[in-house]
Amino acid sequence: MKTKKILLEEKDIPSAWYNIAADMKNKPLPFLHPGTKQPLKPEDLYPIFAKELCHQEMNDTDAWIEIPDEIREMYRIWRPTPLVRAYGLEKALDTPAHIYFKNESVSPVGSHKLNSALAQAYFCKKEGITNITTETGAGQWGAALSYAAKVFGLDLAVYMVKISYEQKPYRRSIMQTFGAQVIASPSMSTKAGRKILTENPMYQGSLGTAISEAVELAMETPNCKYTLGSVLNHVMLHQTVIGLEAEKQMEIAGEYPDIVIGCFGGGSNFSGLSFPFLRHKINEGKDIRVIAAEPASCPKLTRGEFQYDFGDETGYTPLIPMFTLGHTFAPAHIHAGGLRYHGAGALVSQLRKDDMVEAVDIKQLDTFKAAVLFAQAEGIIPAPESSHAIAAAIHEANVAKEEGRQKTILFNLSGHGLIDMTAYDQYISGDLQNYELSDAEIAGNLDKLEKIV
């Protein structure tokens, strides 16, 4: 079928999210209480999250979880999103590979993050919650949740990693336009922030720090809950609308992917695209490669350790079984702010441990080289995060050319980069650099962890 864009109709929006935990042969290890080190029950999370989200988080028996009509109605604003055959990129690479991308940048806020933001805001509103808090790295999650909070009449406070707060002022402006309060993290407004700034006044922040501050505010504010944009199982669950739509679209195209690729920070867009395809690998033995593309400066899946670790820097969250660089890891100031996270979600970590998924780490300059080629070939300027997936897809397409084999490659364009042009300016002017991590640096940080696994 010779077409560039493959579209679905509104009726094709999934009616249920796919829960991969139900199908996994090796279930992830349980979350542990940070104090007692005992396995958590859903009610242990009630002080932090909306109750329905707590039950979704712990559900490892139901493969399909119905999407409420109110959420599907909101999805109709921009879903289903297009699947695009990247003929321009294929031509530029002179590759026999067929390259497809799922274009999540067409959402109202420009990224995939709205799929879970609307769901989490809805479940909070349904429970009678009035205030929510969150963290954000590059600002895409903060922008999505700011819009979702406004839709459902919730007050929102966003702790934005300080380096991104300064690098990406327009993302901050988007959040404020939707009515959210945005605080640069670390801040003096929480005990966690004050402690970190006292020890390191020039610290430019991390997602782990911002999570600590947001969780602390949620626990100390009446009728307030915390929401998270990645890492946790219920976030991956909501994002599976991406892959479920892509399945139908690939079928229309008359192809099935040999390789599925997503950029990787905590796992939300990677899991959203790949989990529906992975179910065929788990249940039917389908021969498919699934690749997580992470920054070389924050390489938890490629160079980290599988271990119980905190999801935040201070240690407020449960202990999560994850591939991690250690919760005190201070990532380099790369422009892919959404990927600057020390750990991987439990689901992806277990799948990685079982060799169901692969991982590659990519240097910052290589991602921008790939981004510029993609923009020139396809007319879309990608977010720095998405550019990691593009770089991995280009690598696989070049391998196909070297081998003289036709392969079908599918990747997720998780967001556009129209608010990231400062980063492109720096790349074009030669002011960007790569960041290298030594084995000693990684080992030194991991040695600080209490060894539970």
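Q: Which residues lie nearest the centre of the largest cavity?

A: A cavity is a set of points on a 1 Å grid over the protein atoms alone where a 1.4 Å probe fits but cannot get out, and its lining residues have an atom within 4 Å of a point. Here 26 residues line the largest cavity, and Lys 113, Leu 207, Gly 229, Ser 230 and Gly 338 lie nearest its centre. Two or more lining residues come from each of β6 (131-136), α5 (140-151), α9 (207-220) and α12 (268-284). Such elements are DSSP runs, helices being H or I of at least four residues and strands E of at least two, numbered from the N terminus. This is a predicted model, in which local features need pLDDT of at least 70 and side-chain atom pairs count only at pLDDT 80 or more, while totals for chains, interfaces and linings use all residues. Residues are numbered from 1 along each chain as its sequence is written, and side-chain values use heavy atoms, with hydrogens and water left out.

Q: How many cavities does a search of the whole structure find, and how much space lies in the largest cavity?

A: A volume is the space filled by probe spheres set on the grid points, which are joined across faces, edges and corners. The search finds four cavities of 30 Å³ or more, and the largest holds about 310 Å³.

Q: How do the residues of the lining of the largest cavity divide by class?

A: Ala, Val, Leu, Ile, Met, Phe, Trp, Tyr, Cys and Pro count as nonpolar, Asp, Glu, Lys and Arg as charged, and the others, Gly among them, as polar. The lining of the largest cavity has nine nonpolar, 14 polar and three charged residues.

Q: How much space lies in the second largest cavity, and which residues are closest to its centre?

A: The second largest cavity contains about 130 Å³ of space. Its lining consists of 15 residues, with Phe 49, Leu 228, Leu 232, Thr 317 and Pro 318 closest to the centre. By class, this lining has 13 nonpolar, two polar and no charged residues.

Q: At what angle do α12 and helix α14 pack?

A: Axes are lines fitted to C-alpha atoms, for helices over the stretch in contact, and angles run from 0 to 180 degrees between N-to-C directions. The axes of α12 and α14 (residues 346-353) are 12 Å apart, at an angle of about 45°. That value makes α12 oblique to α14; angles under 35 degrees count as roughly parallel, over 145 as roughly antiparallel, 65 to 115 as roughly perpendicular and the rest as oblique. Contact means heavy atoms within 4.5 Å. On α12 the contact is made by Phe 270, Ser 271, Phe 275, Leu 278 and Ile 282, and on α14 by Leu 347, Val 348 and Leu 351. Seven of these contact residues are nonpolar, one is polar and none is charged.

Q: Is the crossing of α4 and α5 left-handed or right-handed?

A: A crossing is left-handed if the near helix is turned anticlockwise from the far one by less than a right angle, and right-handed if clockwise. The axes of α4 (residues 114-126) and α5 come within 8 Å and cross at roughly 40°, which makes α4 oblique to α5. Their crossing is right-handed, whereas α12 passes α14 in a left-handed crossing.

Q: Which peptide bonds are cis?

A: The bond from Arg 79 to Pro 80 is cis, with omega near -5°, and Pro 80 lies in the loop between α2 (69-75) and β4 (83-85). The bond from Ser 185 to Pro 186 is also cis, with omega near 10°; Pro 186 is in the loop between β8 (181-185) and α8.

How values were computed
1 Å grid on protein atoms, 1.4 Å probe; cavity = no way out; pocket = protein on both sides within 12 Å on 5 of 7 lines; lining within 4 Å.
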